[in-house]
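Please take a moment with the sequence and the structure shown here before reading on. The paragraphs that follow walk through a few parts of the fold, one after another.

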Amino acid sequence: MKRNINKVAVLGSGIMGSRIACHFANIGLDVLLLDINPKELSETEAKKGLKIDDKVVKNRIVNTSFQTALKAKPAPLYHKSFASKIQLGNFDDDLSKIKDYDWIIEVVIENLEIKKQLFDNVEKFRKPGTLITSNTSGIPIKLMSAGRSDDFQTHFCGTHFFNPPRYLKLLEIIPGPQTNPEIIDFFMHYGDLYLGKTTVLCKDTPAFIANRIGIYSILKVVDTMQKLNLNIDEIDKLTGPVIGRPKSATFRTSDIVGLDTLIKVADNLYEGLPEDEQRGIFKLPEIIGKLEKNKWLGDKTKQGFYKKTKDENGKTKILTLNLKSLEYKPKQKVKFATLELTKPIDNIKDRFKVLIGGKDKAGEFYRDSFYGIFQYVSNRIPEVADELFKIDDALCAGFGWEVGPFDTWDQVGVGKSLAKMEEAGYKPHQWVYDMVESGIESFYAVDNGVKKYYDITSKSYKEIPGKGQFIILDNLRTNKEIWKNSGASIFDLGDGIINLEFRTKMNTMGSEVIEGMIKVFDLGENEYRGVVIGNQGANFSVGANLGMVFMYAIEQEYEELNILIATFQNIIMRARYSSVPVIIAPHGMSLGGGCELTLHADQVQAAAETYIGLVEVGVGLIPGGGGTKELTRRVSERAETGDIEYNALQNAFMNIATAKVATSAEEARDMLILRPQDRITINPNRQIADAKIAAIELAEAGYTKPVQKKNIKVQGRGGMALFNAGIHGMKMGNYISDHDALIAKKIANIMCGGDLTSPTEVSEQYLLDLEREAFLSLCGERKTLERIQSILNGGKPLRN
């Protein structure tokens, strides 16, 4: 049966329900968000003379929850206008409307009796065949479906989103005893393609997969911490980005989520897992109980494992809790010899052998905690999942790990670790020994660009299902990489399309990347029919390599700097004026030069989570790689009459002058960075494949090399007068410095076409020359050099 989801009803408007509703709106669905009625009037309602039956009172809970969600940071919506897709209501008046909805999802409090009462009412109105799911994080699906009608049970399952639903990519799908397999297949595909999720099929076991393994991992870290007498600062240093985990690491994550939430999940697991060989880990140490008693639960109570304070100068200080004295003390600098050894190693997977082989306390920590989780995940198959890749997928998508536990074990060396694990008291399950004895030494293998996993039942490698439409560049590295240097690689994607991948730190655009861009255009024009520029790092690109600019500027090598900027402009323009279609696939931070490259694509295939903008002003420069020119051109093209729309020009100017960054691809449309024909990919795993499809479509449509524009309408002195008046007002009001005013005037000068006596049509090259002139002049400003040096010393990327 073919299913289309156009309308979704979300029952429950709390933190999860309201944000799930927002994510459905993100993908264009009509959403009905309902919650309970208040039992009594609030003080404000009583003063207004309202009655308990008034609609505004009945909808108070849902209205308040929804407004709280809309104000949340980070934002749950891709664009604020999407809020209009969500209709609010209450269970008493509006539950009957669910008969017209394609999918009903329950997101009320984690209480089985309350959920069952709600389902009793749902059955009164739900149309047979309608999908019905629960967002439960741990209540057994079989208990919720018991006693329901046959049609309800066959269309019912768990769909467990992780908070915040827009940003965390995991969606666990949990069948009930009677769920139709076709329904499960539908959700696995729909969650991936339309919701942008990593969908993981789970068994109906306590806490399913991600929370079961993830909470064990956190508590195992605490266990090892106590064994080795480590402190909070040391643990968060050891369990953060150095091993591919979020910056919040262990204890900061607990503060963000709330210690009470961790306690609740751990207690439920302890009670629900009497047969778990590591059940004792889920029994929280005494110190956690003391924190709960003190109500030191994290951010929600203003203090937890960390506490923010201000010193005598009003400067914010972070204090760390000493778990022995229960006193807060200044955050410590942490240094371990083992961590120092990993600093030159950019690839996280290559660090694990060094970390686990460390001779200091850090090495001891990694051996004990890693061996513990290796043992634990080996024992969870087939209990929580039949296939090992599901555990890795769940931890990576739900907890933000870059490398899952089985993949980590591969990097350490499965066969080499067995004896050491036994010696440490962490003997894994027998199936791991059987695998190694059969001659298979790793849980994963890549075969002809396809990643495969070790299947325990057949004792052989099998292709990971559902990944056939993804293009993962790491899987192509052994046999599809046709060119590379130290900072870039080119891959043959097949069907006449090649892809340029940046591989520098933060994917900054320096000489290696420029060389790669020249090479990919040469190859594309001579041997292929289309080019994609995209990568699968954390960010597309944070812009130009400031070190090169600073070096030339500080030495006053302005001729060399002029050549550098002209080269960059030419290569950016080649993206627009190549003889083959060029598709740019930005994601994550796409700033400065990364944004300028995106602006010059024949078509953009942006990830939904693209944070893009021209941020050069932040270091005292202007966008010098065609960014200022391109926004000027786009305003000119959008003018419906012969006159430039000053409001549109001013908006574009302000976006550059304030270094504004779009917080989603949808917001980038408002800023003219993305055009109506540019496309957005919700699931980042599909982005390169989608970009390849776009390149093929353009090639097969008879792509013709564009002609450079020579009719860009600019306003000359008349426009400059308006901009100068605004800049002067900002300066006189002390909103901007003299240096900021100087930069703003140079941006305005470019966008107005320089010193022209009247509105004129100019060419792209004319505006590029103005850009380069402005960029060079600012490189001679001391304030600019100070800003660049500050960025370089702090190791911080350009950002808003």
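Predicted model: local features only at pLDDT ≥ 70, side-chain atom pairs only at ≥ 80, totals over all residues.

Val513 belongs to helix H23, made of residues 511-527, and it counts as buried because its relative accessibility is 0%. Between Val513 and His587 there are 17 Å in space, taken from C-alpha to C-alpha, while the two are 74 residues apart in sequence.

Helix H23 leads on to the strands on either side of it in the chain. Strand S17 (residues 497-502) and S18 run parallel and are joined by four bridges, with Asn499 standing opposite Val532 in S18. The chain passes from S17 through H23 to S18, and this β-α-β crossover is right-handed.

Strand S18, residues 530-534, is mostly covered, since five of its five residues are buried. In a regular strand the side chains alternate between the two faces of the sheet. In S18, Gly530, Val532 and Gly534 point one way, whereas Val531 and Ile533 point the other way, and all of them are buried. S18 is also joined by four bridges to strand S19 (residues 582-585), and these two run parallel; here Val532 stands opposite Ile583 in S19.

Thr598 counts as buried because its relative accessibility is 0%, and a polar atom of its side chain lies 2.9 Å from the backbone oxygen of Gly594. Not counting residues up to four places away in sequence, Thr598 touches Phe540, Ile584, Pro586, Val604, Ile612 and Leu674.

Another part of the model holds an open sheet of three strands in the order S12-S13-S14, with antiparallel pairing. Its edge strands are S12 (444-447) and S14 (460-463), each of which pairs on one side only, and neighbouring strands of this sheet are turned by 40° against each other on average, direction ignored. S12 pairs with strand S13 (residues 450-455) in the antiparallel sense over four bridges, and Tyr444 has Tyr453 in S13 as its bridge partner.

Finally, how far apart are the end C-alpha atoms of helix H17 (residues 361-379)? They are 27 Å apart, which agrees with the span of 27 Å that its 19 residues should have at 1.5 Å a residue. H17 is mostly covered, with 16 of its 19 residues buried.

Conventions: Residues numbered from 1 in each chain as written. Heavy atoms only, no water. Buried < 20%, exposed > 50% of the residue type's maximum accessible area, 1.4 Å probe, protein only. Polar contact = N/O pair within 3.5 Å; in protein donor to acceptor, adjacent residues only side chain to side chain. Contact = heavy atoms within 4.5 Å. Expected span 1.5 Å × (residues − 1). Pairing = 2+ DSSP bridges. Axes fitted to C-alpha atoms, helices over the stretch in contact; angles between N-to-C directions. Right-handed = clockwise from strand over helix to strand, strands pointing away.
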